[in-house]
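Hi there,

Here is the structure I promised to pass on. Have a look at it first, and then read my notes below.

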Amino acid sequence: MIPDVIERRRTDGVRIWVPGCSSGEEVYSLAMLFREQLEKHPDPPKVQIFATDIDASALAEARRGQYGSIVERQVSPERLARFFTKRGASYAITRRLRDLCMFAQHDLINAPPFSRLDVASCRNLLIYLEPALQRRVIELLHYALRPGGYLLLGKAETIDARDLDLFEVVEKTDRVFRRREAGRRQALPLPGRRPMALELSPPTRQGDAGARSAAARSRSIVLEEYAPPSVVVDARGEVRFYWGTNLSRYLPPQAGAPGTNLLHLVRRELRAELAAALHHAARQGEPVTYRDVVVEAEGVQHRLNIVVRPLPPTEHDPDELSLVVFQELQAAPAAHGAPLDAPTLERHRQLQRDLESTQGRLHATIDELENANAALRSSNEHLAAMNEELHSANEELQTSQEELQSVNEELNTLNAELSKKVDELELLYGDLQNLFQSTQIATIFLDRQLRIARFTPAATSVFRIADGDVGRPLSDFAARFDAKDVPQEVTRVLETLAPVERTVGLADEKRSFLMRMHPYRTPSNVIAGVVVSFIDVTKLKETEAALRRAVEERERAEEALRDADRRKDEFLAILSHELRNPLAPIRSSLHVLERAPADAGAAQRGQQIITRQVGQLARLVDDLLDVTRISRGKLQVEREPLDLQDVAQRTAEDHRSLLTARGVALELALPGAPLWIEGDATRLAQVIANLLQNAAKFTCRGDLVRLSLAAADGFAVLRVRDTGVGIEPAMVPRLFQPFTQADTTLNRRLGGLGLGLALVKGLVETHGGQVDVVSGGRGKGTEVVLRLPLAAAPGRVAVAVAAPPRPRRVLVIDDNVDAAESLKLALEMEGHQVAVAHDGPSGLARARQLAPGVVLCDIGLPGMDGYAVAKALRHEPALRGTFIVALTGHALPDDQRCASEAGFDAHLTKPATIVRIQEVIGRAPHRRPSRAPRPPPPAVS
């Protein structure tokens with residue numbers, strides 16, 4: 001199709017119309033196809049594509065010619081590169097393709113169409129119109145196309161069979177049709193004239209039996225068999241149609257050539273009345289009836305009414321027609337009575353002669369009237385011929401007017417397109433001016449001779465130029481940076497089209513700019529110069545420097561994390577070693593206890609070994625918990641006035657045996673007077689004990705450990721000095737970090753987790769003090785110095801002596817069977833009555849049954865946790881006074897708070913000693929049970 005159109009219109013140009021163009025995809029697709037074909041011709045014709053739509057917003061989108069990334073899937077890569085320009089994430093139509101298209105708002109139904117078109121494309125437009133409107137549009141497009149012009153429709157559209165006289169099928173699959181020369185011509189709406197009302201459904205053609213419904217068929221039967229005889233005639237009396245039966249009574253066959261005029265066919269005695277009725281009906285435009293007309297046919301007299309009804313003209317049949325109906329009233333045989341007398345018979349004959357004479361004159365008058373009618377018909381035909389000539393001339397004038405209107409419509413389209421382009425240019429110029437004024441990027445536009453074409457105001461901060469310097473060479477101006485290579489770089493960009501980018505710094509300011517040089521490309525892809533831009537990257541440089549510093553700090557932090565991870569791995573290995581070491585002697589001692597008599601010395605030594613190793617395991621667990629509390633800031637100390645001298649002396653005496661066993665002498669240098677501070681005696685004793693244990697570990701046999709205490713500058717200064725192995729200077733800053741040990745060899749004879757000094761530092765700082773370590777190096781010993789703030793001496797405080805706990809009824813609820821049974825045995829040995837349960841529901845049932853005075857309850861229980869058990873016990877009226885103790889491994893402050901809120905009276909952390917459990921049981925109020933306890937069922941424990 002496209003090569004044929006271009007070949008036929010090489011001299012006067014190709015005109016294409018796309019009505020209902022929407023957002024323009026169909027328009028630009030045709031433009032691409034025609035542009036590709038035009039490039040194959042040495043002298044291609046001019047192509048104009050008129051794109052119209054009734055929606056102004058859709059036209060604005062089509063004019064813009066910019067589409068999203070979806071075109072990558074709709075357009076081939078080769079066409080995408082030739083006809084589109086990528087702008088960010090979208091694609092814009094190139095100028096060469098856009099210049100072929102003109103967009104205008106247009107009403108396809110009511111406005112005059114374009115004319116002298118070669119191609120009309122309205123794909124997928126007709127499917128949205130009613131059938132009558134579809135036919136109207138097809139006729140409009142037939143009028144708009146030149147002879148042989150092409151019509152393109154969508155896949156779901158086609159030409160109706162009634163319109164095949166307008167278009168012939170060229171390609172059925174692709175819906176391509178060619179215009180035919182047709183006899184009928186569609187009248188177009190003119191400005192100021194109301195558009196023609198279009199029928200919404202086509203009329204059914206007469207005689208098409210397949211299209212008639214049951215109602216139509218039944219109506220035909222009634223009209224043909226039961227309706228009165230009727231005839232349809234035109235203004236000249238010519239018969240157009242017959243209805244009904246028995247027409248031969250009134251229209252008998254006659255000899256001679258057959259006629260079609262009703263006045264010639266009807267019986268002679270009906271002609272006068274019928275002619276008068278037709279004449280009056282034509283003049284009045286209303287039905288006319290001649291009543292009680294008598295006619296004799298076949299020996300029978302028929303009385304009838306003659307009714308003439310004018311029929312209104314229609315669009316399909318504009319002639320003036322009349323319906324003649326013979327309404328028969330009655331039929332009777334002709335009368336044959338007695339013979340008449342002579343006078344009567346003569347009178348009858350005279351009347352008969354007068355009647356025949358009158359009828360003869362009437363027939364002559366009728367003949368004269370018919371001759372006059374023939375003359376009038378001849379005049380009417382002459383007038384009709386003149387009217388046809390005038391109508392033809394009028395049609396030619398109308399055609400000329402329509403063509404002028406089409407040309408005017410095209411001129412309006414061109415004017416609208418130009419006005420739109422002027423508005424766009426004005427808007428773009430305003431945008432460009434505002435962009436130049438608001439941008440902080442210094443930009444200079446150079447032509448191919450390196451002359452300044454335009455520049456942004458920010459460019460004056462880089463080059464010493466002013467507004468009047470446009471058109472002068474760039475080399476005439478001094479730059480605020482070293483610009484000696486700039487002309488050579490601009491020339492290289494013009495020659496190679498490769499961009500140049502480098503960083504420059506202003507000589508008189510501490511500012512840096514990123515200089516970029518890019519070729520200036522016109523919309524036609526012509527290199528018209530170079531664009532030189534300077535982007536201020538001072539803050540970027542500062543940010544890069546800060547980022548480098550941050551990276552260095554991050555690397556140091558990562559190194560610290562790797563070191564901490566390494567120390568964690570070392571700690572886990574040490575922890576595994578330290579936890580396994582006590583288990584071996586415990587297991588061996590249990591083996592001895594199983595086989596040796598209870599009073600044998602081996603059994604006693606085994607018990608002592610188990611006691612020491614269990615204490616060692618408890619200390620390891622306590623140290624781990626304390627380090628966790630310190631690291632989370634949740635370590636709680638109970639401050640009270642205490643004598644630090646007394647705490648130091650008692651702790652030293654408690655550990656003297658340890659040092660003596662290792663062959664190390666302990667020397668004390670304590671003041672004679674008390675040194676009062678605010679602190680936790682247990683925690684401070686733990687601090688001093690850790691220092692003495694470390695000194696004992698790292699002091700050789702025969703050396704000395706010295707503990708001294710003195711007051712200085714408002715602080716109590718405690719020193720622990722040994723003459724042992726000492727510490728490397730590089731190791732001193734890391735001693736207070738958790739899991740750090742000076743001994744990193746596999747020889748673990750001294751043991752420990754590396755938590756001692758970390759605990760010392762955390763506990764001392766919690767008391768508001770500080771700790772330092774001093775060592776001269778390997779073999780020169782170590783000194784640890786503690787400084788704690790002094791406090792005022794308190795008054796005398798009476799100390800109450802705790803009474804031994806009374807035997808109580810105790811319920812132990814613990815899902816660990818061995819822990820529950822061992823605690824039961826230990827408490828029964830202390831004189832208590834003990835019952836055991838291993839889950840929450842059974843523990844609650846035993847408590848209701850026994851009404852114990854004390855309940856030792858674990859937190860993590862199956863079926864019902866310890867918090868729920870405590871809340872349930874508090875809701876029991878008989879158990880509200882029960883002393884409930886949480887015996888659990890959850891030892892954080894949040895755990896203690898949750899236990900208190902649930903109703904627990906005390907909180908013990910596993911593993912708790914029997915002595916500590918006895919102390920807590922002793923705090924329980926002694927009460928008499930409300931009812932006699934039932935003996936525990938044997939299956940529960």
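Below are my notes on a pocket, a hairpin, a sheet and one leucine.

First, the ground rules. This is a predicted model, in which local features need pLDDT of at least 70 and side-chain atom pairs count only at pLDDT 80 or more, while totals for chains, interfaces and linings use all residues. Residues are numbered from 1 along each chain as its sequence is written, and side-chain values use heavy atoms, with hydrogens and water left out.

A pocket here is an open set of points on a 1 Å grid over the protein atoms alone, where a 1.4 Å probe fits, with protein on both sides within 12 Å along at least five of seven lines; lining residues have an atom within 4 Å of a point. Of its 37 lining residues, the closest to the centre are Arg87, Ile93, Arg95, Leu428 and Pro523. Helix α11 gives the most to this lining, with 8 residues. Helices (H or I, at least four residues) and strands (E, at least two) are DSSP runs, numbered from the N terminus.

Phe445 has Arg454 in β17 as its bridge partner. In the hairpin, 4 residues lie between the strands, and Leu450 takes a positive phi near 60°.

**The sheet.** Five strands form an open sheet with mixed pairing, in the order β22-β24-β25-β27-β26. β22 (665–669) and β26 (770–775) are at the edges with a single partner strand each, so one side of each has no neighbour in the sheet. β25 (residues 715–722) and β27 (residues 782–789) pair in the antiparallel sense over 8 bridges, and Phe715 has Pro789 in β27 as its bridge partner.

**The leucine.** Leu675 is in the loop between β22 and β23 (676–679). Is Leu675 buried or exposed? Leu675 is buried, with a relative accessible area of 11%; buried means under 20%, exposed over 50% and partly exposed in between (1.4 Å probe, protein chains only). Leu675 and Asp643 are 32 residues apart in sequence, yet 5.3 Å apart in space, C-alpha to C-alpha.

Happy browsing!

Conventions: Pairing = 2+ DSSP bridges.
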